[in-house]
Each structure stands twice: as C-alpha cells, then as structure tokens.
Amino acid sequence: MSTSILSLKNVTMRFGGVTALNDVTFDVKEKEILGLIGPNGAGKTTVFNVITGVYQITSGSIEFQGKSLAGEKRYKITRSGIARTFQNIRLWGDMTALENVMTATDTHKRSGLVGGLFGSPISRKEEKRDKKRAQELLDFIGIGEYADRLARNLPYGVQRRLEIARALGTEPKLILLDEPAAGFNPAEKVELAKVIRKIRDAGYTILLIEHDMSLVMKVSDRVVVLDFGQKIADNTPQKVQDDPRVIEAYLGVPEDAS
Amino acid sequence: MINLRDKGAEIWERANRPQRVLMAISFIAMAAALPFLGGTFLNTPIADYQSVLVYPIAMFVLMAIGLNIVIGKSGLLDLGYVAFFAIGAYTMGLLGTRTSLNTWEILPIGIAMAMFSGIILGVPALKLRGDYLAIITLGFGEIIRIVALNLEVLGRSGGIIGIPTPPPIFGIEYAFDSHRIYYWTLLIIILFAIWMVRRLSVRRAGRAWESIRQDEDAAELMGVPTFKYKVWAFVLGASVGGAAGVFYASKTLFIAPDNFTLQISILILACVVFGGMGNIWGVIAGAVILGYLPDRIRFLSDARLLVFGLVLVIMMNLRPDGLLPRKKREKALPNKDSNKDKS
C-alpha cells in the first residue's frame, strides 16, 4: 500500500479561459481505493479525461507506473493498464453483454486480422480464451446470467455493472469508476460497495468518483477533494469529513464565521 | 413488423451441420441456376436477361458487399466507392491492352492497386468523421473520374477500348457473349467475398468495427486501435471494389470515365441502405433488387426512373431499417429465471 501507481504532478487543464484543473497534485497508491469527490463542476471527470488521454493537459505531468502518459494515444494508455467507466453509460448497445466485454479483452490479443480471416490456431485459441475470460468477468461482477442479452435491453443497474466488467476486460491495473452508483437505490448501492471492494481484493487499484457520500466514505481508503479545479483535501475519509474547507466547499460558509 | 432476418437466422441456428451444408448448397445452386430462367417472368424485356445478371446485378452485389464492410460494419460513410471500382477497371484496361498479362494475372494487381489507393485515401481521410468523411470520399470519387478524363494514357473521354476477355481457365472459354460463364465466375468471387466478411465479422475485427460504429470514443478508450481498424475496413472494401472493376473491364471490353460517375456510388449506397446496413444477406437482396428492377421495368421507358424512385421511397417508409435489418435479436436465455430483473 505504499508505492504509487499513478501520480499527477501540478496538473493544469485550461479550456480557453476556463481553468478546469488548477495545479492538481495527488498520487494513487497501489491496491487502494481512492475516492475523488467535489461539488458539481469541480473537475472530477476532467481528471479522468486527462488521465485517459481524452484531453492533453496544459501543464504538469501524469505518470503511470513511472512512465509519462503525455502524448500517448488513448488506446495505448488503456493497453498500458488504465481502464475507465463512463458517467453516462456508453456501452455498445447493439452487442450482447458478452461481446461488450470481449471487445475489451481483445486488447491483449496477439493474432491480427489476417489470422482471424484464415482461422489461424493462435486466433482460434485466443477467441476461446477470451470468451471464457469475458464470461468469468461477468460472473465476477454478478451479471453472468445476462451474457447473451443485448446491452441496450439490459436493466439500468446491470448496464452500470456491465461497464465495470467491460473495463476489467482490458486487464487494467488501475480502474477509474465515474459515478458507478448514479441512479442506484440504497440496496443497489450496498451491493455495489461489495463489488468495488471485491475488485480491489482481486488486486486492482481503484480511483472512484462518486456523489454518494456514505458510499465513498465507506469504501475508500483515502479521499481527495476537488473544488473549482483545485485540490482542497487529501486524507482519510474520517478526516476529510471533518475538514472545514471541505464542509465549506459543500455547504458554504456560515454567515457568522469570521 | 416481421423480422425476416431473425426468422432466417433462427432456422439456420436450429439446423445441424449436414442440414446447414444442404441449405448452403441449395442456395448456391439456386443462384447458379438463375441464367436459365430467361424465358420466365424474370425475363428483362428489352436488355438481354443474362447480361443483366452479370451487370448490373452480380456486379452490384459484389460492390455492395464491399461497401457494406465500410458503411454497414464500421459506420464510415463512403460516398466515393466508385473510385475503387474505377481503379480496378483502369488497371485492367491499361495492363490488358499494353502488356501481355491476362485477366487472371491482372486481378491481384487490380485488387492491390485498389487497396493501395484505399490506404492513400484512408490514412488522411479517416482522421475525419461523419459528414466530413463523406465529403472527402465524394471528392475522391470525382477526382479519380476526372483524372481518367484528362490523362492521355487513360484515353481521356474516349476511354480504353479493346480490353481482352479472360483467357480460358480449366478449359472454360470466356467468349464475349457467353454471359453465363461470366456470371458463374462472378458468383465464385461473390461467395469468396461473403466468406471473408462472415469470417471477419464473428471475430475480433468484427467486434472492433461494431464498437467503432456504435461509439468510436468508447471503443478507443477500451483499447481498440480504432484508426487501424477503420483503415482496414476501408482497404478491404476497396479490394472488393477493385476486383469488381477488373472483372467489369474484362467483360465489357471497353471502359470510359462515364462508366464511373457519382451515380454508381449512390446506387451502391442505395443497395446497402435498401437491403439493410450491416447485414450481408440484406445487402445482397438489396443489390439484386436495385440492379434488376430498372431493367425489368424498362418498358416504362421515361417513367422508369420515376417508378424506381417511388419504389425506394415506399420501401424506406415501410422498412426504414432496410429489407433485412441487422441483428436485433437475442439468443435464447440459458435459464428461465434470468428473465426476472433484480431491482
């Protein structure tokens, strides 16, 4: 729990005149669950987007396992071991749940298009292995029974969890979850907390964006708080909850405060 | 709405191996027997029925299969597909009249030329998306035609004449007017193209294309090298178009820029959309109907294109997803309890 797997150093992201991230620095340590919280518009999803290469940062540096991610192609960043889910579900609706995960596991195939065409032994073996792996992942997340259903016809909660299974399909070391509990009822949230812990126990590192405070505080080992693009706290859940700056960011300053 | 595609797939999936082989063979036999139905209601009153089978029908089917890889599978709107057809045809025309190479030797060269131009066009163009890609491919289609119109060596507006027919192969003669032989040869090329597309669709490449079509950004963020697969789709589509072009030139003996207008691109696109984007059987059905219909109703003379357009409009209203739409069905669930969704 000590070596850091991902480190952001003085990351600044500007869109024209808007500074979405201002000099943000934090580490994600191996095999931890790091919660990333903040009021709306604080820049949480922007953090995900700069890590996964959707945006190129204005200044600063992002290192994953000691290697800079600057200028890397997005699919290469994913292949190097960072996977994510999306705040607004972005599954491939016309594919089955299993195919959704298999498309992600394809990341680690050796056989190419030509091998697939002529049914080379490597390609056939990999196809079989991937199918098995994808099913395993669906079972792991607890949605194995939906494997053959088209993603768009799945119930909302299953879709959210399928996003996690798909991200795991790329065999990441670090997985970024963007509001995985959005729209969940309390029972589903409890279920999800179990799944998140289970993923960590399986050896993955998790960076979690979540609006549901009780969930974040329950599962996270550490919490980073952003407000207006700036880091205002980085501590254990308990200490963050008591931090006056965090309370201020969420609730505002009482009028009689000095 | 009845989903013929799902019905067909269901029958196919229920069948065991010998039944499948039997179905495939009878299907191919039926297709191969088409040239003998000339005297029946299928006859095209004015044009020679057997020659209509070769061009436009079989040629359209082949090109529609190729374009379907680009549009139907990967969702890349290519409005200049005729360019690859033209490149194949002009390769045949040029090499066939100026060198001693024969059609079978030129066929791989034509395919390679088309694939190469697919890369040349694809690498810069595929950085663009949607409408921008459509416009740049549209331009490419026109550039090829205008180049042919202006290059001395390509015969300018006069085109290339005296392109040799294919030499005999396995003792089969390719006489100029034996349309049946050309049709059967094309049928073999079509079957090969179907095999290729089906093979790729069920594997990694098929999944990659499908994910790109549905959400390209999500695909890239899930580790799919989207650009590489888009170029591959383009190049494979081009190879089929190039093969069609080589064979077309060798069949008609004469090619000119007028044979490669934007209208061909639009027609092939219509075949794909009419038949059902992304579903190879739909695309084939679409190409057969759109290739055949204009000649079948030729007796209407001037009103012919009006009726053709009307059929298209009615059809797209009745079945907006095409004749045989892409897969929407789910496989049977493994156990019945799984229908109950947890909430």
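**Reading a predicted two-chain model**

Reader: Is A:Glu179 buried, exposed or partly exposed?

Author: A:Glu179 counts as partly exposed, because it has 19 C-beta neighbours inside 10 Å. The scale goes like this: buried takes 20 or more other C-beta atoms within 10 Å of the residue's own, exposed takes 12 or fewer, and partly exposed is in between, with C-beta atoms placed from the backbone. Keep in mind that this is a predicted model, where local features need pLDDT of at least 70 and side-chain atom pairs count only at pLDDT 80 or more, while totals for chains, interfaces and linings use all residues. Residues are numbered from 1 along each chain as its sequence is written, and chains are lettered from A and ligands numbered from 1 in the order in which they are written.

Reader: Where is A:Glu179 found, and what is its phi?

Author: Most residues other than glycine have a negative phi, and most peptide bonds are trans. A:Glu179, not a glycine, has a positive phi of about 50 degrees. Look for A:Glu179 in the loop between β7 (174–178) and α7 (186–201) of chain A. Helices (H or I, at least four residues) and strands (E, at least two) are DSSP runs, numbered from the N terminus. A:Asp23 also has a positive phi, near 55 degrees. A:Asp23 sits in strand β2 (residues 18–29) of chain A and, with 14 C-beta neighbours inside 10 Å, counts as partly exposed.

Reader: How does α3(B) pack with α7(B), and at what angle?

Author: Two packed helices are described by the angle between their axes and the distance between the axes. Here α3 (residues 49–73) and α7 (residues 179–201) of chain B pack at about 15 degrees, with axes 9 Å apart. So α3(B) is roughly parallel to α7(B). Axes are lines fitted to C-alpha atoms, for helices over the stretch in contact, and angles run from 0 to 180 degrees between N-to-C directions. Under 35 degrees counts as roughly parallel, over 145 as roughly antiparallel, 65 to 115 as roughly perpendicular and the rest as oblique.

Reader: And how do α8(B) and α10(B) cross?

Author: Their axes come within 10 Å and cross at roughly 105 degrees, which means α8(B) is roughly perpendicular to α10(B). Residues making the contact (C-beta atoms, placed from the backbone, within 7 Å) include B:Trp209 of α8(B) and B:Trp232 of α10(B).

Reader: How many residues does each chain give to the contact between chains?

Author: Chain B gives 28 residues and chain A gives 34. On the side of chain B that touches chain A, α8(B) supplies the largest share, 7 residues.

Reader: What about β3 of chain A: how many of its residues are buried?

Author: For strand β3 (residues 33–37) of chain A, 5 of its 5 residues are buried. A:Ile33, A:Gly35 and A:Ile37 are on one side, with A:Leu34 and A:Leu36 on the other.

Reader: Which strands pair with β3(A)?

Author: Pairing needs at least two bridges found by DSSP between two strands. β3(A) pairs in the parallel sense with β8 (residues 205–209) of chain A over 4 bridges, and A:Gly35 has A:Leu208 as its bridge partner there. β3(A) also pairs in the parallel sense with β9 (residues 222–227) of chain A over 4 bridges, where A:Leu36 stands opposite A:Val224.

Notes: Contact = placed C-beta atoms within 7 Å.
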